[in-house]
Amino acid sequence: MAAEEPEDQPDLSCIEDSLMSLEKLDRASPDLWPEQTSNEVPGVHEFVAQNSPQTEPCFWAAMSQDDISHVHQLGNLSMTGLISEVKRLHDLAYQLGLEEAKEMTRGKYLNIFKHK
């Protein structure tokens, strides 16, 4: 059996082409993008050092090795695999919400949440 694309799915190359920007950013002009020298404007070098993005994002530093490997596994999924994973997480969150609502109702009936 040959795997065929469903007719409902739009052609991904058409979508990709529609998202393409043909705008050219001219970053060569020294008037628009001045050189960052401390001789011309005092304090520029320190300001740029404080406000420039770090080479390693801060969220990677707080992640454990298991978290990083999980992110890599998700990155290696196909589009359909990623969509099914998002659906699974959505269903799990919905079930959690139902359980939480049930427990809150139970707490109200047991009079746990008394206002003092």
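Leucine 19 is exposed, with a relative accessible area of 67%, where exposed stands for over 50%, buried for under 20% and partly exposed for what lies in between (1.4 Å probe, protein chains only). The residue lies in helix H1, helices here being DSSP runs of H or I with at least four residues, numbered from the N terminus. The model is a predicted one, in which local features need pLDDT of at least 70 and side-chain atom pairs count only at pLDDT 80 or more, while totals for chains, interfaces and linings use all residues. Residues are numbered from 1 along each chain as its sequence is written, and side-chain values use heavy atoms, with hydrogens and water left out.

- The 31 residues of H5 should span 45 Å at 1.5 Å a residue, and its end C-alpha atoms are 45 Å apart, which agrees; the expected span is 1.5 Å times one less than the number of residues.
- Gly81, Glu85 and Gly107 are buried in H5, and the buried residues of this helix pack against helix H4 (65-75), with contact taken as heavy atoms within 4.5 Å.

**Salt bridges**

- The structure holds 2 salt bridges, each defined by a side-chain nitrogen of Lys or Arg within 4 Å of a carboxyl oxygen of Asp or Glu.
- In one of them the side chains of glutamate 85 and arginine 88 meet at 2.8 Å, N to O; these two residues are 3 apart in helix H5, so about one helical turn separates them.
- Arginine 88 is partly exposed, at a relative accessible area of 45%, whereas Glu85 is buried.
- Glutamate 103 forms a salt bridge with arginine 106, their closest N and O atoms being 3.5 Å apart, and both residues lie in helix H5, 3 residues apart, about one turn of the helix.
- Glutamate 103 counts as partly exposed, because its relative accessibility is 44%.
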